[in-house]
Amino acid sequence: MSYLFALAGNQNSGKTTLFNALTGSNQHVGNFPGVTVEKKEGQLKNYKEASVVDLPGIYSLSPYTAEEVVTRDFIIQEHPDAIINIIDATNIERNLYLSLQLMELDTPMVIALNMMDEVIASGNTIEVKALAEHLGVPVVPISAAKNEGITELVHQVLEVAKAKQKPARMDFCEGEVHVAIHSVAHIVEQKAAKQGLPRRYAATKMIEGDEPTMAALQLTDNEKHIIEHVVENMEEKLGTDREAALADMRYSFIEGVCRECVVKHGDTKEQKRSEKIDHVLTHKVLGIPIFLCVMLLIFWLTFDLIGAPLQDLLGAGIDALTGVIQTGMEAAGVQPWLQSLVVNGICAGVGSVLSFLPIIVLLFFFLSLLEDSGYMARVAFVMDKLLRKIGLSGRSFVPMLVGFGCSVPAIMATRTLSSERDRKMTILLTPFMSCSAKLPIYGMITAAFFPRHAGLVMIGMYVLGILVMIGSGLLLKSTVYKGKPVPFVMELPAYRLPSARSVLLHMWQKAKDFLRKAFTIIFVASIVIWVLQSFSWSLQYVEDSAQSILASIGGVVAPLFKPLGFGDWRAATAILTGFSAKESVVSTLSVLTGAASDGQLSVILQSMLSPAGALSFLTFTILYMPCVAAFAASKREMGSWKGAIGNALYQTGAAYVVALVVYFVARMVL
Amino acid sequence: MTLDTVKPGEGGVIEAVYSEGALRRRLLDMGLTPGTRVMVKKMAPMGDPIELSLRGYLLSIRKEDAAKINLREAGA
């Protein structure tokens, strides 16, 4: 017999840790249809016929966020055999709020009472048996991080699913709310059954004024009228409105249950420790400097101390492998064009992107430490005021900072943002943070034109990128992303030591994700760019890339850049190849100008561009659409080609306008 | 008095939440229901948002949103 289980719970309840403990590494990551909400699915470790879907971390089943709607729809439409509802025992009151709503879905359910070990260690208790009786649902105490109680939990879930044992009670209400729910339930009963909606759920949602449910039920005007009358009557008698009345009904019931079942003398050890840590990390004066130091440390470790040697090692390995392939093909007498395709096209293209792997893995190692330890929420808390000005929330700060290293992990890191609008805006804005692959371009231009002010030009460009980001944020906030930002109401979870398994699994998933991209979209893109670079329009293989299709496209595009001060076909072609990787701008210019050394390249560049034109060229290359790897990441996280292409067009357009202004100003000053 | 004017270390009991739409629902869902005792723990370094303690956990909300939450029995 095969089973489908849904894992649901609050954020920070240990849901992901439990999912990993249940499934091990048998996981696939995807999206729920139509939205960019991550969907993880896996098989139970010792029971391969049962699969578990990890639903997003949510606090309620309101209709206001994509995560909550996805959870409702999944349980109602996919009919899982049981819900595993994980709750944080150290924060039981608020966690049970979601449980009560899940119970209304009339699906077999088991509560996994996580972090029971912390409750007991601090001398507090929760009467598990009494809790189960009050709620009418089996409760299993577990510790997901220590892998305790998981076997019992699985056993209980299978039993409940086999027996199709639904929650024994859903009537948490008293008085006026009780009267209203029962009257409405009576009215909607038949239509709810027809739509496959649980009766009690349909009734409470109707009272809450839940629009999706209202639309789904297709009630007659008369029925709507009666319901409205019932609800107004309830509001009048209670002296409060419908939403508050139902929230209050649930919390009152929970408070009653907790009085009976929970003995709490004080905060747990972990909560007391958290408070001490917070004294330092969110300190009025030290909070921001400490955060910046943490980010600097992560950058230094990722891009320098650990990342650079690993990247060099991997690069050397790829070069060696390329060498072996080349020698092999020469020995086998393979056609020169095919050799070039494999060596200069695929190996070089995929290889240059692959060499980022160590950096991606390291960066995600540190990011998941920040996230799982609870520090990321503090970062959002500390930085929120700044980012709010451009229509984002504090949560977007970390992906943006990561963008200074590499846009690919930065875009991938937007997954941690809970609001789709914030996520999309951050994906669009992050590439304006000048990434490390653009450093060779700075080097080339400053060496040729501004040798004495290299530092100043670089800092100026970084600042310009940030200014364009801020300007774009302001512009987008009042146009495309006008929609209301998701409210900033964020839990600050207790600090906890991240579990090694979760961190490693997270790293592995990001690495897999990146590798898949490298061997699909980037593989194809490398071939396309190679073909354009190596063939003439008559499909003749050309040794001299000046005769290639790409060069002639460069020639056609070049006049477009004339107003910006770099209408040279070689500069235009370099910008086109920059799409494969930003470093290619430099290598393309050296190839096309036939420069034998960096010194010679400088001389040729000086004859090709004016200083103002060079500055404008630099501005354009810093700001225009990111490389193919970042574009692929953007496509995946935006959830559509349309979104990714729209971003690229906007970025390129912004680059054009800003470069035009820079050229205009620079011509007057320089 | 409103929640945004409460000094760190002080608190009170929620009387009513006057915000609207998704924000209001979210505040209610997070347990800021009338009759609940809340305490303001601290402010972020730039003075906003603020950190609240309620129902045994910590929650962060913006000052402008806290301005729409009324308290009674305010004090330490």
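Which residue of chain B forms a salt bridge with A:Glu275? The close-ups below take up that pair and several other spots in this predicted model.

**View 1. A salt bridge across the two chains.** A:Glu275 pairs up with B:Lys41, and their closest N and O atoms sit 2.9 Å apart. Side chains of opposite charge can pair when their charged atoms come close.

**View 2. What chain A brings to the contact.** On the side of chain A that touches chain B, the elements giving two or more residues are α3 (92-103), α8 (199-208), α11 (242-261), α12 (269-281), α13 (287-305), α17 (375-388) and β10 (489-491). The top contributor is α17(A), with seven residues. Sorted by class, this side of chain A holds 19 nonpolar, eleven polar and 17 charged residues.

**View 3. The whole interface between chain A and chain B.** The size of an interface is often given as the accessible area lost when the parts come together. Here, chain A and chain B bury about 3500 Å² between them, and carbon and sulfur atoms give 55% of that. If you want three residues to look at, pick A:Phe381, A:Arg388 and A:Val489: they supply 19% of the area that chain A buries against chain B, more than any other three residues. In residue terms, the contact takes 47 from chain A and 32 from chain B.

**View 4. Strands pairing from one chain to the other.** β10(A) and strand β4 (residues 57-61) of chain B run antiparallel and are joined by three bridges. Look for A:Met490, whose bridge partner in β4(B) is B:Ser60.

**View 5. The open sheet of chain A.** Seven strands of chain A line up in the order β2-β3-β4-β1-β5-β6-β8, with mixed pairing. β2 (27-31) and β8 (139-141) of chain A stand at the edges with a single partner strand each, so one side of each has no neighbour in the sheet. From one strand to the next, the twist averages 25°.

View 6. β2(A) is joined to strand β3 (residues 38-44) of chain A by five bridges, and the two run antiparallel. Within this pairing, A:Val29 stands opposite A:Lys40 in β3(A). Helix α2 (residues 66-78) of chain A packs on the sheet, where α2 touches β1 (3-9), β3, β4 (47-54) and β5 (82-88) of chain A. The direction of α2 makes about 155° with that of β1(A).

**View 7. A salt bridge within chain A.** Over all chains, the count comes to 31 salt bridges. One of them joins A:Arg496 to A:Glu118, with the closest N and O atoms 2.9 Å apart. A:Arg496 lies in the loop between β10 and α23 (500-519) of chain A, while A:Glu118 lies in helix α4 (residues 116-121) of chain A, so the pair ties together parts that are 378 residues apart in sequence.

**View 8. Two backbone spots in loops.** In chain B, the peptide bond from B:Asp48 to B:Pro49 is cis, with omega near -5°. B:Pro49 belongs to the loop between β2 (37-43) and β3 (50-54) of chain B. Over in chain A, A:Asp106 is not a glycine, yet A:Asp106 has a positive phi of about 60°. You'll find A:Asp106 in the loop between α3 and β6 (109-114) of chain A.

Methods. Residues numbered from 1 in each chain as written. Chains lettered and ligands numbered in written order. Predicted model: local features only at pLDDT ≥ 70, side-chain atom pairs only at ≥ 80, totals over all residues. Heavy atoms only, no water. Contact = heavy atoms within 4.5 Å. Buried area = accessible area lost by both parts, 1.4 Å probe. Salt bridge = Lys/Arg side-chain N within 4 Å of Asp/Glu carboxyl O. Helix = DSSP H or I, 4+ residues; strand = E, 2+ residues; numbered from the N terminus. Nonpolar A, V, L, I, M, F, W, Y, C, P; charged D, E, K, R; others polar. Pairing = 2+ DSSP bridges. Axes fitted to C-alpha atoms, helices over the stretch in contact; angles between N-to-C directions.
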